[in-house]
Amino acid sequence: MKRRTSKFKRLLKFQVVSGIGNTGIVAVQLVPLATFEVSPLPGTIVGGVATYPVAYVISIKYVWKANPSR
């Protein structure tokens, strides 16, 4: 039962990290829209490129606690 609880907590943490990453994408998306009045696509691309690596590293190191030597 403890293992199942641990996995559930990790999944919740992963969802939180993903939500923060998605919030970052939306924030970066809105800046070009408000500043330059451009379509949402460039902001989405820039936001994804900027936030994905950060969310990935946080997920690997702190949520899943993956060991790179495995």
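Gln-29 has a relative accessible area of 17% and is buried, where buried stands for under 20% relative accessible area, exposed for over 50%, and partly exposed for the range in between (1.4 Å probe, protein chains only). The model is a predicted one, in which local features need pLDDT of at least 70 and side-chain atom pairs count only at pLDDT 80 or more, whereas totals for chains, interfaces and linings use all residues. Residues are numbered from 1 along each chain as its sequence is written, and side-chain values use heavy atoms, with hydrogens and water left out.

Gln-29 belongs to helix α1; helices are DSSP runs of H or I with at least four residues, strands are runs of E with at least two, and both are numbered from the N terminus. Apart from neighbours within four places in sequence, Gln-29 makes contact with Pro-40, Gly-43 and Thr-44, a contact being heavy atoms within 4.5 Å.

The protein as a whole contains two helices and zero strands. Its radius of gyration is 16 Å, well over the 11 Å that the globule rule gives for 70 residues, so the protein is more spread out than a compact globule. This radius is taken over C-alpha atoms, and the rule is 2.2 Å times the number of residues to the power 0.38. The C-alpha trace spans about 50 × 25 × 15 Å along the principal axes. Of the 70 residues, 16% are buried. Among contacts with a separation of 6 or more, 50% are made by residues 24 or more positions apart.

In sequence Lys-9 and Val-63 are 54 residues apart, yet their C-alpha atoms are 8.9 Å apart in space.

The structure also holds two aromatic pairs. The criterion is that rings of Phe, Tyr and Trp (its six-membered ring) have centres within 6.5 Å; planes under 30 degrees apart count as stacked, over 60 as edge-to-face and the rest as tilted. One of the pairs joins Phe-14 and Trp-64 in a tilted arrangement, with 5.9 Å centre to centre and 45 degrees between the planes. Phe-14 lies in helix α1 (residues 2-36) and Trp-64 in the segment after α2 (40-63), so this pair ties together parts that are 50 residues apart in sequence. Phe-14 is partly exposed at a relative accessible area of 29%, and Trp-64 is partly exposed at 29% relative accessibility.
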